[in-house]
Amino acid sequence: MELSLGMTLTAGEYLVAAPLADYLRRHPELHVAVRSGGTSELLALLNAGEIDCAFVEGFFDKNAYAWDVFRTERLVCVCAADHEFAARPVRVEDLFDERLIVREPGSGTRAVLEHALAAQNLTVDGFAQASVVESLDVIKILVEHDLGISFLYEAAVARELAAGTLRVIDLEGLAILHDIAFIRLKNSVFEREFQNLFADL
C-alpha cells in the first residue's frame, strides 16, 4: 500500500516524524512519500490529489475538509539564555525595541503569531526590526547567538530549553495555543484507513 503524506515544516520535524517512524516500523508493507510545505501549498496538493492527507499547523477552512486535532501546541516567545533586557518585559509591546526573527509570510507559525497579535491590535510591524528567516533551525541558531527574539512552538525548542541555550519570555495576556490538525478530503473511500493511521500515530 502506498501513502502520500504532507507535513508543514514544524509539525513534520518536531511532532509527527518520530511517531510516523514508529508507525512505519510496525507496518513495513506501507510505502510512504512525504511532502513538506506551507499549509496553503499542502492544501493545494491535497485538492489536486497529489497527497492523500496532511498534518498542518496553519489555518484552513474546517468546513471544507475532514480533520482531527493531532496535538495542541503552545507558541512561546524565546530569547538567548543570557539575553539582557533594559527592563523585564511584561507585555508584547515591551519587546518592540527587540529584533524579531520570524518565519516567512505563508508559514503556519507566522500566521498563528499574526493572528494572536491582531487580537491585541498589534502587528509584526510594531517591532523595531524584523528579520525573515525560512528555516526554523537557522532561527534557533540566531536566537541562541542573541541576535533577536522569536515566537516558536514549545515542542520545536524543547531541546534548547532543556539545554539552557534558550529561555522562554513569559508575557501577560499572551497564551497562544494552536491545534496541529490531521486533514484529508471529505468522504474519502480511505477514511477508515486514515482514522486507523491517526489513531496509531
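The largest pocket has a volume of about 190 Å³, and this is a predicted model, so treat it as such. Helix H6, residues 191-200, puts the most into that pocket's lining, with 5 residues.

**The largest pocket**

- Who lines the largest pocket? The list runs Met 1, Leu 3, Tyr 23, His 27, Glu 29, Leu 30, Glu 193, Phe 194, Asn 196, Leu 197 and Asp 200.
- Sorted by class, the pocket lining comes out as 6 nonpolar, 2 polar and 3 charged residues.
- Phe 194 is one of the pocket-lining residues, and Phe 194 also belongs to an aromatic cluster.

**The cavity**

- How much space lies in the largest cavity? About 40 Å³.
- Its lining is made up of Ile 101, Val 102, Arg 103, Thr 109, Arg 110, Leu 113, Ser 150, Phe 151 and Leu 152.
- Three elements, strand E5 (99-102), helix H3 (108-118) and strand E7 (150-153), each give at least two residues to that lining.
- On the class count, the cavity lining has 5 nonpolar residues, along with 2 polar and 2 charged ones.

**Aromatic rings**

- How many aromatic pairs are there?
- Phe 60 and Tyr 65 are both buried.
- Phe 60 also pairs with Trp 67, with centres 6.1 Å apart and planes at 80 degrees, so this one is edge-to-face too.
- Why is Phe 60 called buried? Its relative accessibility is 13%, and the label applies because buried means under 20%.
- Trp 67 has a relative accessible area of 30%, so Trp 67 counts as partly exposed.
- Another group of rings, from Phe 55, Phe 70, Phe 182, Phe 194 and Phe 198, forms one aromatic cluster.

**Cysteines**

- A disulfide is a covalent bond between the sulfur atoms of two cysteines.
- Cys 77 is in no disulfide: its nearest cysteine sulfur belongs to Cys 79 and is 7.1 Å away. That rules out a bond here because a disulfide needs the sulfur atoms within 2.5 Å.
- Is Cys 77 buried or exposed? Cys 77 is buried, since its relative accessible area is 3%.
- Cys 53 is buried as well, at 0% relative accessibility.

**Loop residues**

- Gly 58 has its place in the loop between strand E3 (53-56) and strand E4 (65-80).
- With a relative accessible area of 4%, Gly 58 is buried.
- Between Gly 58 and Ala 155 there are 97 residues along the chain, counted as separation, and 16 Å from C-alpha to C-alpha.
- Asn 121 is not a glycine, yet its phi is positive, at about 60 degrees.
- Where does Asn 121 lie? In the loop between H3 and strand E6 (129-132).
- Asn 121 counts as exposed, because its relative accessibility is 74%.
- Asn 187 also has a positive phi, near 60 degrees, in a residue other than glycine.
- The loop that holds Asn 187 runs between strand E9 (176-185) and H6.
- At a relative accessible area of 78%, Asn 187 is exposed.

**A helix residue**

- Glu 13 is found in helix H1, which covers residues 9-26.
- Is Glu 13 buried, exposed or in between? Glu 13 is partly exposed, given its relative accessible area of 48%.
- Glu 13 and Asp 94 are 81 residues apart in sequence, and their C-alpha atoms are 31 Å apart in space.

How values were computed: Residues are numbered from 1 along each chain as its sequence is written. This is a predicted model: local features need pLDDT of at least 70, side-chain atom pairs count only at pLDDT 80 or more; totals for chains, interfaces and linings use all residues. Side-chain values use heavy atoms; hydrogens and water are left out. Buried means under 20% relative accessible area, exposed over 50%, partly exposed in between (1.4 Å probe, protein chains only). On a 1 Å grid over the protein atoms alone, a cavity is a set of points where a 1.4 Å probe fits but cannot get out, and a pocket is an open set with protein on both sides within 12 Å along at least five of seven lines; lining residues have an atom within 4 Å of a point. Grid points are joined across faces, edges and corners, and a volume is the space filled by probe spheres set on the points. Helices (H or I, at least four residues) and strands (E, at least two) are DSSP runs, numbered from the N terminus. Ala, Val, Leu, Ile, Met, Phe, Trp, Tyr, Cys and Pro count as nonpolar, Asp, Glu, Lys and Arg as charged, and the others, Gly among them, as polar. Rings of Phe, Tyr and Trp (its six-membered ring) pair if their centres lie within 6.5 Å; planes under 30 degrees apart count as stacked, over 60 as edge-to-face and the rest as tilted.
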